[in-house]
Amino acid sequence: MLLEVIDETLRYSLGDKTVEIFYNYLERRGFSLESVPQNPKPFFDELRTVLEVEGQRFHTVSPLGIVSLLERTIIEILCRKIHVEFEEKGPIIFSEWVEKLRKAHTLKLSKIKSFRKAEVKV
């Protein structure tokens, strides 16, 4: 689910062509998208690097700011998808939020499975 939300957010924000170029760049560098859910930092570090063109800012916002906004948007979308409230103000630490959401989602799934097992026994 995380990779889907990342892909959708990047495509909506940066455009399909830009995202395809970025994915090709990562592939040439031997980077696997499948590693992002376990360790998202390198992915977003590379995105920051790519968005910074010879020290210039992208539309007057720094690459750090753009990627931080993308990370926040991705977390907000994930929260909505798994029905978790997101009321954070200010910057977030993306990897910590990914882990929180992974735990919340796993807990919800285990409760659903337990409920279904109890339902079957009745």
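Predicted model: local features only at pLDDT ≥ 70, side-chain atom pairs only at ≥ 80, totals over all residues.

Residues are numbered from 1 along each chain as its sequence is written, and side-chain values use heavy atoms, without hydrogens and water.

**Stop 1: the helix pair.** Select residues 2–14 (α1) and 16–28 (α2); their axes come within 7 Å and cross at roughly 125°. Helices here are DSSP runs of H or I, at least four residues, numbered from the N terminus. Show side chains next: Asp7, Leu10, Arg11 and Leu14 of α1 meet Asp16, Thr18, Val19, Glu20 and Tyr23 of α2, with contact meaning heavy atoms within 4.5 Å.

**Stop 2: Arg11.** What does Arg11 pair with? Its side chain forms a salt bridge with Asp7 (2.9 Å, N to O) and another with Asp16 (3.4 Å). A salt bridge puts a side-chain nitrogen of Lys or Arg within 4 Å of a carboxyl oxygen of Asp or Glu. Arg11 and Asp7 sit four residues apart in α1, about one helical turn.

**Stop 3: Glu71.** Now jump to helix α4 (residues 63–81) and pick Glu71. Glu71 has 8% relative accessibility and so counts as buried (under 20% relative accessible area, 1.4 Å probe, protein chains only). Beyond its neighbours within four places in sequence, Glu71 contacts Phe44, Arg48, Ile92 and Phe94.

Methods:
Axes fitted to C-alpha atoms, helices over the stretch in contact; angles between N-to-C directions. Helix = DSSP H or I, 4+ residues; strand = E, 2+ residues; numbered from the N terminus. Buried < 20%, exposed > 50% of the residue type's maximum accessible area, 1.4 Å probe, protein only.
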